[in-house]
Amino acid sequence: MIRKGAVAAADVTDFTKANILFRDQIWTKAAVHLIREHRPNLMLLHFLSLDSVHHQFGPRTLAGTSAMAFLDSCVEKVVAAVHEAGMDERTTFLVVSDHGFKGYTKEIRATVALASAGLAGKVYVLPEGGTAMVYIDQTQAAEFLPKAVQALQGVEGIDKVVGADGFAALGLPTPARDPQMSQLLLTAKDGYSFSGATGGPVTAAVPQQRGSHGYLASDPELDALFIASGFGVRSGALPAKISNLDVAPTIAKLLGVPLPSAKGKPLPLQ
Ligand SMILES: [Zn+2]
């Protein structure tokens with residue numbers, strides 16, 4: 001790509017030092033180059049800047065919409081490259097995402113709540129934004145699980161403390177079936193997100209609004225976008241809401257390849 005002038009040598013050497021917006025630009029240049037030179041059957045391109053901006057400033061902010069406008073211009077370059085390569089008649093564009101975002105102004109430090117109940121080093125928290133996983137060594141669960149539930153219930157910002165008996169309803173395995181699953185799942189109320197901080201107050205305001213994902217998928221703010229356009233897509237054919245499980249089977253059908261292990265089914269594009 002350097003030899004062909006698609007990217008500069010400095011773009012590559014400085015890549016890991018570059019900010020996320022610059023990286024998205026380089027990936028766009030690479031995508032345009034690959035379309036021009038190699039005319040791929042399938043291209044997957046992952047932009048990262050919108051996720052980073054939403055984490056730092058939250059959704060529905062000027063920073064967030066600016067990041068979307070920037071990514072629109074990246075997509076525009078890819079669409080133009082397909083057109084210039086004469087591939088309009090065989091190209092379907094799918095713009096997909098795996099989550100939406102929620103803004104928050106307070107963070108929950110569940111580890112601090114557990115430490116003040118004497119559970120430091122016994123019970124571990126893995127924060128995932130809108131939810132947190134709580135792990136206890138299986139051999140010590142009988143002793144520490146009830147204490148952990150007691151320490152976490154009523155903490156400001158925690159909506160629910162869900163035990164293994166509630167996991168099936170959320171599509172999660174139990175720790176008995178999957179040793180990587182936690183003993184408890186914590187969910188955050190609107191305006192709160194779980195943090196990995198181990199000191200200070202249990203619940204604390206953040207200096208400015210930030211954003212998180214990892215809330216329960218049933219939250220409509222977590223709905224992601226989906227756009228299909230180009231070859232094989234009739235305007236207005238898609239339902240108002242789609243399941244992300246249907247995206248891979250849709251791509252497989254467009255490519256004419258089998259995907260027998262898929263749980264979803266191809267979307268109606270026509
Ligand atoms: Zn993220």
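Begin with helix α3. Its buried residues are covered by elements that include α2 (20-38), α4 (62-84) and β8. Show those elements around the helix. Keep in mind that this is a predicted model.

**Stop 1: inside helix α3**

Select residues 49-57, which form α3. Which residues are buried here? They are Ser49, Val53 and His54. Now look down the axis of α3. The buried residues fall within an arc of 130°, so they line one face of the helix. Step past the end of α3 to Gly58. The phi of Gly58 is positive, near 90°.

**Stop 2: the sheet with β8**

Stay with β8, one of the elements covering α3. Select β7, β2 and β8 together. These three strands form an open sheet in the order β7-β2-β8, and the pairing is mixed. Which strands lie at the edges? They are β7 (191-194) and β8 (203-212), and each pairs on one side only. From one strand to the next, the twist averages 45°.

Zoom in on β2, residues 102-108. This strand runs parallel to β7, and four bridges join the two. Pick Glu107 and look across to β7: Ser193 stands opposite.

**Stop 3: the four-stranded sheet**

Next, select β3, β4, β6 and β5. In that order they make an open sheet of four strands, with antiparallel pairing. The edges are β3 (123-127) and β5 (158-162), each pairing on one side only. Neighbouring strands in this sheet are turned by 20° against each other on average, direction ignored.

Show β4 (residues 131-136) beside β6 (residues 184-188). How many bridges pair them? There are four, in the antiparallel sense. Strands of a sheet pair through backbone hydrogen bonds, either parallel or antiparallel.

**Stop 4: the helix across the sheet**

**Last stop: the whole protein**

Zoom out and show everything. The protein has seven helices and nine strands. Along the principal axes, its C-alpha atoms fill a box of roughly 65 × 45 × 30 Å. Colour by burial if you can: buried residues make up 23% of the 270 residues. Residues 24 or more positions apart account for 67% of them.

Definitions and conventions. Residues are numbered from 1 along each chain as its sequence is written. This is a predicted model: local features need pLDDT of at least 70, side-chain atom pairs count only at pLDDT 80 or more; totals for chains, interfaces and linings use all residues. Two strands pair if DSSP finds at least two bridges between them. Axes are lines fitted to C-alpha atoms, for helices over the stretch in contact, and angles run from 0 to 180 degrees between N-to-C directions. A residue is buried if 20 or more other C-beta atoms lie within 10 Å of its own, exposed if 12 or fewer, and partly exposed in between; C-beta atoms are placed from the backbone. Two residues are in contact if their C-beta atoms, placed from the backbone, lie within 7 Å. The arc is that of the directions from the helix axis to the C-beta atoms.
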